[in-house]
Amino acid sequence: MAAQTLQLRPLGNTGLNLSSVGFGASPLGKVFGDVSEQDAFAAVREAFRLGVNFFDTSPYYGGTLSEKVLGKALKALGVPRDQYIVSTKCGRYKEGFDFSAERVTKSIDESLERLQLDYVDMLQCHDIEFGSLDQIVNETLPALLKLKQAGKIRFIGITGLPLGIFTYVLDRVPPGTVDIILSYCHYSVNDSTLEDRLPYLKSKGVGVISASPLSMGLLTEAGGPEWHPASSELKAACRAAADHCKGKGKNISKLALQYSLENTDISSILVGMKSVKEVEENIAAALELATAGMDEETLSEITDILKPVKNQTWPSGIQQS
């Protein structure tokens with residue numbers, strides 16, 4: 001029997017098939033601490049070897065560093081361009097937000113140069129709740145459609161935290177304008193509110209990617225970073241859940257990732273990775289889910305611990321320092 005590989009899942013109407021685990025490249029921009037170029041290259045190479053075909057970045061991550069490092073790492077793989085799927089973003093930069101047609105049109109050329117690519121598979125408007133949603137509808141998306149016609153991008157997406165932004169935009173653009181939405185922190189053990197939106201998104205023909213299955217660090221043994229915008233109540237509940245798992249010799253991060261992976265209506269779960277060890281742990285969790293299933297007993301115990309804070313979110317707009 002061949003070695004087991006990651007499941008591929010169709011992405012909306014794009015014709016793309018994404019690996020169920022996607023490689024979130026924000027850590028390559030040193031957003032979560034230092035990463036050597038050697039470690040970054042090794043992580044990308046190992047992820048690709050283990051079946052990850054989807055890599056997500058943004059000019060915002062590490063002030064363009066993530067794109068540069070990912071571009072070099074993908075080039076170093078030495079494989080044909082159609083073997084991997086690359087998503088980058090536009091509209092959010094170290095300098096601030098700018099969703100104008102002029103800026104996003106310039107943005108893709110800058111990104112392609114940093115990534116050393118002729119085209120990206122997806123270009124997504126980054127964290128649109130910080131801009132004017134009407135500008136996204138009337139100016140940004142039409143500019144992206146022109147980039148699609150020019151062959152610089154294949155598919156168009158929108159990203160952000162509040163789920164209402166997706167319905168606002170999708171209800172106001174012609175069908176087929178937006179191919180993908182990227183949601184984060186709304187399909188994890190402590191917050192599964194994205195689930196209620198899946199039938200609507202399917203009806204619009206839009207592919208769904210979910211990021212941050214660990215709730216930006218809350219569902220880890222170490223807990224979230226200092227700047228994490230969650231309430232102290234939510235942080236404490238997640239800490240209690242993590243400690244409960246640890247007491248049983250289980251890892252909450254693995255369980256949280258498996259929970260997010262179980263819903264096949266979500267095409268890919270994006271996980272930030274910056275080392276071979278992290279890549280191997282995440283892929284092992286996905287493969288174990290496919291063969292042995294999940295530890296339902298521990299999952300139900302942590303679900304109980306998190307019940308008082310279930311689906312509690314936070315206001316968007318907290319900057320990563």
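**Notes on helix packing**

1. The crossing of α8 and α9 is right-handed, a term used when the near helix is turned clockwise from the far one by less than a right angle. The model is predicted, with local features needing pLDDT of at least 70 and side-chain atom pairs counting only at pLDDT 80 or more, while totals for chains, interfaces and linings use all residues. Residues are numbered from 1 along each chain as its sequence is written, and side-chain values use heavy atoms, with hydrogens and water left out.

2. The axes of α8 and α9 (residues 276–292), which are lines fitted to C-alpha atoms over the stretch in contact, come within 9 Å and cross at roughly 55°. In this contact (heavy atoms within 4.5 Å), K254, L257, Q258 and L261 of α8 meet N282, A285, A286, E288 and L289 of α9, and by class there are five nonpolar, two polar and two charged residues.

3. Helix α1 (residues 37–49) also passes α9 in a right-handed crossing, and their axes come within 8 Å at an angle of roughly 25°. The two are therefore roughly parallel, the word used for angles under 35 degrees. On the α1 side the contact is made by A42, A43, E46 and A47, and on the α9 side by V276, V279 and E280.

4. In α10 (residues 296–306) the buried residues, meaning those under 20% relative accessible area, are T298, L299, I302 and L306. They lie on the same side of α10 because they cover an arc of only 100° around the axis. Their cover includes α7 (232–247) and α8 (252–261).

Note on methods:
Buried < 20%, exposed > 50% of the residue type's maximum accessible area, 1.4 Å probe, protein only. Helix = DSSP H or I, 4+ residues; strand = E, 2+ residues; numbered from the N terminus. Arc of directions from axis to C-beta. Axes fitted to C-alpha atoms, helices over the stretch in contact; angles between N-to-C directions. Nonpolar A, V, L, I, M, F, W, Y, C, P; charged D, E, K, R; others polar. Parallel < 35°, antiparallel > 145°, perpendicular 65-115°, else oblique.
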